[in-house]
Amino acid sequence: MAASRSTDLTRGLRGLWRDLQGLGGNERIAVIGAAVMVGSLLLPWYQSPIANDLVLTGIGAFGWAEAALVVIAGATTFLALEGGGGYVPPRPLREWALFVAAGAWAAVIILYRIIDPPKFTLAGHDQPYELHYAIFVALSGAAVIVAAGLRMRPRERAKRPQPPD
């Protein structure tokens with residue numbers, strides 16, 4: 001029974017790898033942006049106003065905003081894998097527009113976290129954290145998703161049937 005589970009897992013990972021290899025250039029860019037955004041949660045988003053070596057990662061400050069970023073990254077990856085497999089979203093949705101909307105929404109959430117950082121409380125000090133580099137890495141991941149969607153737009157426009165003259 002344990003051997004069948006490991007073969008199922010191996011088969012699933014091979015299928016995922018095959019799906020990732022089958023992606024087009026813009027879909028790969030979107031998946032990379034989503035991975036950068038999620039990966040930035042492991043890096044320091046905030047630093048203490050008291051000492052530079054006291055930092056708070058995205059996981060350490062995990063709340064609704066960070067959960068939304070993980071969901072957006074998952075949805076972006078799913079859409080890229082489905083689009084790479086030949087799926088075309090129903091009208092009026094377009095794959096490029098969904099990527100742009102996902103990246104823009106992620107950027108809005110990250111900007112909210114920039115404007116409203118968590119409070120740092122230690123020995124009577126109650127000050128907001130200062131920003132650290134990883135929050136800007138997450139913002140760049142969202143921008144990469146938007147850029148991937150915008151790069152797809154001319155290709156999809158060329159695919160549309162032209163009205164007769």
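Strand 1 (residues 44-47) pairs with strand 5 in the antiparallel sense. Two bridges join strand 1 to strand 5 in this predicted model. In general, the strands of a sheet pair through backbone hydrogen bonds, and the pairing may be parallel or antiparallel.

The secondary structure of the protein chain comes to five helices and five strands. Read from the N terminus on, the elements run α-α-β-β-α-α-β-β-β-α.

Helix 4 covers residues 95-115, which is 21 residues. From its first C-alpha to its last, helix 4 reaches 30 Å. That span is close to the 30 Å expected at 1.5 Å a residue. Several residues of helix 4 are buried, among them the aromatic residues Trp 96 and Phe 99. Glu 95 and Arg 113 are buried as well. The buried residues of helix 4 also include Val 100, Ala 102, Gly 103, Ala 106 and Ala 107. Ile 109, Ile 110 and Ile 114 are buried too.

In one of them, the ring centres of Trp 64 and Tyr 112 lie 5.5 Å apart. Their planes stand at 45 degrees, so the pair is tilted; a stacked pair would need planes under 30 degrees apart, and an edge-to-face pair over 60. The pair links distant parts of the chain. Trp 64 is in helix 3 (residues 64-84) and Tyr 112 is in helix 4, 48 residues apart. Trp 64 has a relative accessible area of 55%. The cut-off for exposed is over 50%, so Trp 64 counts as exposed. Tyr 112 has 36% relative accessibility and counts as partly exposed.

The chain as a whole can be described by its contacts and its surface. Among contacts with a separation of 6 or more, 72% are between residues 24 or more positions apart. Of the 165 residues of the protein chain, 35% count as buried. The accessible surface comes to about 9,900 Å². Carbon and sulfur atoms account for 66% of that surface.

Definitions and conventions: Residues numbered from 1 in each chain as written. Predicted model: local features only at pLDDT ≥ 70, side-chain atom pairs only at ≥ 80, totals over all residues. Heavy atoms only, no water. Helix = DSSP H or I, 4+ residues; strand = E, 2+ residues; numbered from the N terminus. Expected span 1.5 Å × (residues − 1). Buried < 20%, exposed > 50% of the residue type's maximum accessible area, 1.4 Å probe, protein only. Phe/Tyr/Trp six-rings, centres within 6.5 Å; stacked < 30°, edge-to-face > 60°. Pairing = 2+ DSSP bridges. Contact = heavy atoms within 4.5 Å. Areas by Shrake-Rupley, 256 points an atom, 1.4 Å probe, with all protein chains shown as cover.
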